[in-house]
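Welcome! Please take a look at it first, and then read on.

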Amino acid sequence: NFEWKLEVCDPASVLAAEQEPKKIYQYIPVWSTFTCTNEVEPPPMEKTYKTLEECCNKNFEWKLEVCDPASVLAAEQEPKKIYQYIPVWSTFTCTNEVEPPPMEKTYKTLEECCNKNFEWKLE
């Protein structure tokens, strides 16, 4: 009769329930929030994942900053790779921010790349 006031009527049972180990399940996607959780029992036939990262990558790759912000932050903190310069023909510029495709001629400096490929475009 006093379920709504259980902490007053039977404080020991409330304390015992709070100290029970929390069940941890495998991760499942939560489509309404673009996240994954392991705090609820997966429905029957739901695909489950062992890690948050795996669940997010498989279901919300396009929304990782919402699903798994820690992994996005970790990726941003990794040292940025610097490659040799290659021409970007669509913009008449050179870059060293992408891995050169196989067989693409590379250059050690921006100036060398621009002079060899876009001399006619230099201002």
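Two residues are in contact when they have heavy atoms within 4.5 Å of each other. In this predicted model, residues 24 or more positions apart account for 27% of the contacts with a separation of 6 or more.

**Overall layout**
- The protein has 6 helices and 4 strands.
- Starting at the N terminus, these elements follow the order α-α-β-β-α-α-α-β-β-α.

**Surface and interior**
- Of its 123 residues, 20% count as buried.

**Nonpolar cores**
- The largest nonpolar core is made of 8 residues, among them Tyr27, Tyr49, Phe60 and Leu64, along with cysteines including Cys36 and Cys67.
- Helix H3 (52–59) and helix H4 (64–67) are the elements that give two or more residues to this core.
- A second, separate core has 6 residues, including Tyr85, Tyr107, Cys113 and Cys114.
- Leaving aside residues up to four places away in sequence, Phe60 touches Pro29, Val30, Trp31, Phe34, Thr35, Cys36, Cys55 and Cys67.

**A look at Asn96**
- Asn96 lies in the loop between strand E4 (93–95) and helix H6 (110–118).
- Is Asn96 buried or exposed? Buried means under 20% relative accessible area, and Asn96 counts as buried because its relative accessibility is 14%.
- Not counting residues up to four places away in sequence, Asn96 touches Lys81, Ile82, Tyr83, Gln84 and Tyr85.

Methods. Residues are numbered from 1 along each chain as its sequence is written. This is a predicted model: local features need pLDDT of at least 70, side-chain atom pairs count only at pLDDT 80 or more; totals for chains, interfaces and linings use all residues. Side-chain values use heavy atoms; hydrogens and water are left out. A nonpolar core is a set of buried Ala, Val, Leu, Ile, Met, Phe, Trp, Tyr and Cys residues joined through side-chain atoms within 4.5 Å. Buried means under 20% relative accessible area, exposed over 50%, partly exposed in between (1.4 Å probe, protein chains only).
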